[in-house]
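Open the model in your viewer and keep the selection tool at hand. Each stop below says what to pick and what is there.

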Amino acid sequence: MEKVIHCKDLGFDCEGVVRANSDQEVMKLAAEHAKSAHGVTELTNEMVEKVKSVIRDE
Ligand SMILES: [Zn+2]
């Protein structure tokens, strides 16, 4: 089972999806995506909690 984050679940108008084998890895990939695709350079605790809440198992 993979950990998956759909960018649109975070409120972005974006079809981006990141997948990894652990919560830690998928969070890291999501942070990189947010930075490169959306210019998010700083992840607040609030955002981290939100990202965690939208992690799906697929
Ligand atoms: Zn995105």
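Predicted model: local features only at pLDDT ≥ 70, side-chain atom pairs only at ≥ 80, totals over all residues.

Which residue of strand 2 is the bridge partner of Lys3? Pick Ala20.

Now bring in strand 3, residues 56-57. Strand 1 and strand 3 also run antiparallel, joined by two bridges. Here Val4 has Arg56 as its bridge partner.

Go back to Lys3. Is Lys3 buried or exposed? It counts as buried, because 20 C-beta neighbours lie inside 10 Å and the cut-off for buried is 20 or more. Show its contacts beyond four places in sequence: Arg19, Ala20, Asn21, Ser22, Asp23, Val26, Ile55 and Asp57. Then draw a C-alpha to C-alpha distance from Lys3 to Asp13: 21 Å in space, for 10 residues in sequence.

Select the largest nonpolar core next. Its seven residues are Ile5, Cys7, Val18, Val26, Ala30, Ala34 and Val51. Helix 1, residues 23-38, gives the most to this core, with three residues. Nonpolar side chains tend to be buried together in soluble globular proteins.

Last stop: Cys7, one of the core residues. Leave out its neighbours within four places in sequence, and Cys7 is in contact with Phe12, Cys14, Gly16, Val17 and His33.

Note on methods:
Residues numbered from 1 in each chain as written. Buried ≥ 20, exposed ≤ 12 C-beta atoms within 10 Å, placed from the backbone. Contact = placed C-beta atoms within 7 Å. Core = buried A, V, L, I, M, F, W, Y, C linked by C-beta atoms within 7 Å. Helix = DSSP H or I, 4+ residues; strand = E, 2+ residues; numbered from the N terminus. Pairing = 2+ DSSP bridges.
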